[in-house]
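User: Got a model open here and want a quick walk through the fold. Can you take my questions as they come?

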Amino acid sequence: MNRPVLPELLAPAGSPEALRAAVAAGADAVYLGGRRFGARRYASNFDDEALAEAVRFCHGRDVRVYVTANTLVRDDELPDVVAYLLWLYERGVDAVLVQDMGVVSLARDVVPDLPLHASTQMTVHSASGVLRAMKMGISRVVLSRECPIEEITRIGNLCRGRDIGLEIFVHGALCYCYSGQCLFSSLVGGRSGNRGTCAQPCRKPYTLVAGVTDAAGRPEHMRDIPLTYPFILSPRDLALYPHLARIVRMPVASLKIEGRMKSPEYVAVVVDVYRRALDAIADGTWTPSDDDMRDLALAFNRSFTGGYLMGERGLSIIGPERPGNRGLAIGRIREYDRRRGEAVVAVEGTMPEPGDGIVVHAWGKRREDTGVVIRPPFFTEDGILRLRVAQEVEPGSPVSLTSRASLSQRAQRILAEERSRILPVDMHLGFEDGFPVLEGEVGAAGKYGGIVTVHGDRAWEPARSSPLGEAQIKSLLERTGGTPFRIRRLEIDYPGGLFAPVGEINRLRRRFLRHVEEAVVASFLPSSPEKAAAQSGSRSVLVTLQEMPRAAEKPPVPVLAAFSDTPETVREAVAGGCRRIYFEPPTGPCGTAGSDEALAGILDDMAHHCHSAGAECVWKWPRITGPLFRSLATRVLDHSLPEAVHGVMVEGHGDGETILRHAPDIALYGGTGLNVFNHRAAGCLARRFRSLTLSQELSGQGMKELVLRARTITPHPAFEIIVHGPVEMMVSEDCLMKTHMGDAWADGGADWFGIRDGRGHLFPVHIDGECRTHIQNARETCLIDAMPELLSTGCDVFTIDVRHRTGAYARTVSTAYSEALGHTLDASADLTRLLAALKKKVMACAIGGITAGHFHRGPG
């Protein structure tokens with residue numbers, strides 16, 4: 001039976017030590033980050049010298065290297081990106097992972113031959129998204145971890161025969177929010193996940209709160225929802241090991257292990273488990289092993305889940321008990337002797353051994369875990385472990401095994417044995433005037449740089465007594481231990497009767513293999529003409545980046561727009577002065593527009609209302625669109641989209657592709673989910689989008705520079721800023737209330753929900769029509785008193801967000817901003833006082849207060 005083609009096993013390398021562990025354990029490829037532009041800035045990462053050495057080390061063993069440049073990049077950082085991409089290309093990296101469309105655009109201009117992989121930060125979760133990435137020159141897409149296996153298979157089948165591959169995560173940490181769409185850490189702590197500094201707020205404790213709303217949509221009469229555990233946003237860890245036999249049959253190119261923040265020992269153990277499993281599947285001999293699952297759990301786990309990929313939901317994915325390493329549950333404290341400082345553990349699982357680490361978890365009155373290393377004196381017998389524990393622990397406390405000395409020793413053996421790919425070498429020994437000549441090549445002809453030839457430094461002399469035999473020469477030349485090679489074929493043209501010291505033959509063999517390794521490494525490098533072309537391209541691009549266009553003498557008069565989700569807020573926002581409405585009616589099983597007829601009807605009503613009042617109506621699609629919504633929406637596009645609708649706003653690249661396939665002449669508007677962070681990203685999208693909303697992580701100065709540079713693009717889109725409203729910080733596939741309150745969560749009389757953190761900040765929570773969770777900032781963005789600075793950015797549209805609020809709120813805020821804009825354009829006397837008064841008015845109806853967000857300084 002033919003051995004099946006396995007997908008690539010892709011391992012994390014957060015440090016040089018972890019990289020060597022991944023290679024030793026059998027990874028086909030590694031992904032790593034330099035000190036710039038990577039989404040794991042707090043990993044050890046690699047400086048330039050270490051990164052270059054990592055590439056040489058891996059390529060010498062035929063292991064591919066993918067480098068992360070998957071953060072959002074400001075305009076002032078683009079020249080450094082150009083230099084970095086060129087540097088990576090010249091070192092022969094196999095691909096670069098990207099998030100920012102501006103980086104994609106630069107790479108295509110500077111190093112068009114450098115493969116690009118769309119990071120999961122690009123939030124690609126549909127076939128249209130994958131096909132759009134392919135059109136942008138991307139060769140692989142890391143799909144969102146929320147994609148179920150059926151959708152991944154469908155996407156893969158649609159992409160068969162095309163120049164694009166799929167990559168999926170199979171093991172490691174999960175995020176609560178769709179990757180690339182999370183602003184929680186950025187807005188609350190100033191550490192942006194999109195800039196590589198996420199503080200993981202989803203691992204913090206929260207209280208679930210319910211209430212009712214007043215006339216402005218603010219919560220009142222709030223009450224805490226009693227929950228057993230507080231870590232309600234903390235996902236379990238993904239582990240698809242039990243499902244690998246099914247996974248490998250999917251049309252995917254790569255299986256990815258998460259963990260650039262993990263230790264080399266973790267990488268060694270996890271990669272080894274998956275490597276052995278994949279090889280056994282290929283041989284037809286694999287069955288899932290309890291021992292392997294135990295080792296994966298001991299390496300690190302927050303308890304395991306099959307994730308959204310395997311169709312799991314609710315508490316099968318969320319682990320609210322605790323956010324850290326769970327280890328392996330082994331029993332409970334039976335008793336504690338205060339006088340002797342000794343605990344008795346009733347062990348129901350694996351018995352700890354000397355050198356192991358255990359944790360006695362918080363229980364009863366004790367609020368903190370207690371860690372203990374098993375050292376003498378201790379006693380074990382008949383399921384009982386008796387040991388010294390310095391801190392008093394409560395009887396009944398759960399006990400977990402969190403580290404296994406024998407597993408650490410196994411990790412060290414993996415590193416020592418180095419199961420890296422062994423490359424076959426065909427070698428020929430001949431002689432020229434008595435001097436030995438070794439020739440050979442690796443693998444298929446020409447794949448790794450062609451023929452390597454090494455001449456001996458000394459002629460072999462006629463033997464006086466004991467000439468070398470051919471078998472002895474062969475034995476010496478076939479010794480390849482400590483190298484990534486094995487001699488597949490060895491031909492010897494030996495005249496016989498000669499002698500050479502064994503050390504001389506060993507030196508010749510080592511020199512030959514060193515040259516072979518250099519040839520293998522060189523085979524990954526671009527040619528001199530290719531390097532010269534890339535250098536020329538980088539110089540041309542740098543010239544354009546270093547030119548700063550002159551600002552327009554008079555900035556445009558901006559349009560005031562609003563995000564609305566009900567007819568009431570549409571009417572009041574228009575009455576308050578908004579001249580464009582982005583209308584997002586709730587759809588799906590939980591929405592009010594659940595059929596294409598109902599959806600078309602409400603769009604028609606709102607579009608005609610806006611038109612009669614001199615305003616435009618744009619249909620806004622949700623931040624994340626699932627198959628049900630896309631099916632409903634495309635039917636409307638095909639058959640019943642009202643003519644009065646001016647266009648469609650989307651938050652994802654794939655949704656734009658879908659719309660233009662069904663309605664090629666419709667105007668597209670880009671939302672904040674596109675993460676437009678620099679003018680190159682805007683230029684990349686300009687031919688498809690009439691207008692682009694700038695990232696809410698940009699500072700005002702960053703917006704100003706972006707718009708100024710983008711005005712040189714032909715055609716250039718209009719630019720929009722969200723100037724008021726609660727920023728959507730998270731969108732999650734999890735239905736928060738259903739997960740923690742059950743199916744009857746909506747029947748308790750509450751019409752407002754939120755989560756409260758440990759500092760008392762209250763974050764509004766909304767469930768959309770497809771039961772996704774949307775979490776908003778505790779404070780509403782309010783830039784009304786920065787109206788002069790807003791005008792100086794040169795943006796064309798100022799947008800307020802009145803979704804999930806009332807008509808009264810929409811009227812108050814839209815009127816205030818309309819007046820503020822008018823006062824500023826008229827250069828009214830005492831402008832500062834007028835704007836302060838308007839700010840006070842909108843502050844009075846805000847939830848949790850107001851903030852300027854990143855407008856004045858930008859994120860970290």
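This is a predicted model: local features need pLDDT of at least 70, side-chain atom pairs count only at pLDDT 80 or more; totals for chains, interfaces and linings use all residues.

User: Good. Start with α4. What covers its buried residues?

Analyst: The cover includes α3, β4, β5, α14 (528-546), α18 (653-662) and α19 (679-685).

User: How many of α4's residues are buried?

Analyst: Eight of the ten, so the helix is mostly covered, with buried meaning under 20% relative accessible area. The buried ones are M101, G102, V103, V104, S105, L106, A107 and V110.

User: What caps the N-terminal end of α4?

Analyst: D100 does. One of its side-chain oxygens lies 2.6 Å from the backbone nitrogen of G102.

User: And which strands does α4 link?

Analyst: Let me build up to that. β3 (residues 64-69), helix α3 (residues 78-90) and β4 make a right-handed β-α-β unit. The chain then crosses from β4 through α4 (residues 101-110) to β5, and that crossover is right-handed.

User: How do β3 and β4 pair, parallel or antiparallel?

Analyst: Parallel, over four bridges. V67 has V96 in β4 as its bridge partner.

User: How many bridges join β4 to β5?

Analyst: Three, and those strands run parallel. V96 turns up here too: its bridge partner in β5 is L116.

User: Is β4 buried or exposed on its faces?

Analyst: Both faces are covered. A95 and L97 are buried on one side, V96 and V98 on the other.

User: New topic. What's the strand order in the seven-stranded sheet?

Analyst: β16-β15-β19-β13-β14-β18-β17. The sheet is open and the pairing is antiparallel. β16 and β17 are the edge strands, each pairing on one side only. From one strand to the next, the twist averages 30°.

User: Walk me across the β13 end of that. How many bridges join β13 to β14?

Analyst: Six. β13 covers residues 328-337 and β14 covers residues 342-347, and they run antiparallel. R332 stands opposite A346 in β14.

User: What does A346 face in β18?

Analyst: I384. β14 and β18 (residues 384-388) pair antiparallel over five bridges.

User: What about Q200's phi, positive or negative?

Analyst: Positive, about 55°, although Q200 is not a glycine. Q200 is in the loop between α7 (184-189) and β8 (207-213). Its relative accessibility is 40%, so Q200 counts as partly exposed.

User: And H804, what's its phi?

Analyst: About 65°, also positive, and H804 is not a glycine. H804 lies in the loop between β38 (797-801) and α23 (807-825). H804 is partly exposed, because its relative accessible area is 37%.

User: What does the R195 side chain reach?

Analyst: The backbone oxygen of L72, at 2.8 Å.

User: Last topic, packing. How many residues are in the largest nonpolar core?

Analyst: There are 129. V30, L32, L143, I168, L244, I247 and Y274 touch the most other members. Helix α9 (residues 264-283) gives the most to this core, with twelve residues.

User: Pick L143. What is it in contact with, sequence neighbours aside?

Analyst: Leaving out neighbours within four places in sequence, L143 is in contact with T120, V124, V130, I152, I155, L166, E167 and I168.

User: And what does the second core include?

Analyst: That one is separate and has 78 residues, including C610, W621, V645 and M703.

Key
Residues are numbered from 1 along each chain as its sequence is written. Side-chain values use heavy atoms; hydrogens and water are left out. Helices (H or I, at least four residues) and strands (E, at least two) are DSSP runs, numbered from the N terminus. Buried means under 20% relative accessible area, exposed over 50%, partly exposed in between (1.4 Å probe, protein chains only). Two strands pair if DSSP finds at least two bridges between them. Axes are lines fitted to C-alpha atoms, for helices over the stretch in contact, and angles run from 0 to 180 degrees between N-to-C directions. A crossover is right-handed if, with the strands pointing away from the viewer, the path from the first strand over the helix to the second runs clockwise. Contact means heavy atoms within 4.5 Å. A polar contact is a pair of N or O atoms within 3.5 Å; within protein, one must be able to donate a hydrogen and the other to accept it, and residues adjacent in sequence count only if both atoms are side-chain atoms. A nonpolar core is a set of buried Ala, Val, Leu, Ile, Met, Phe, Trp, Tyr and Cys residues joined through side-chain atoms within 4.5 Å.
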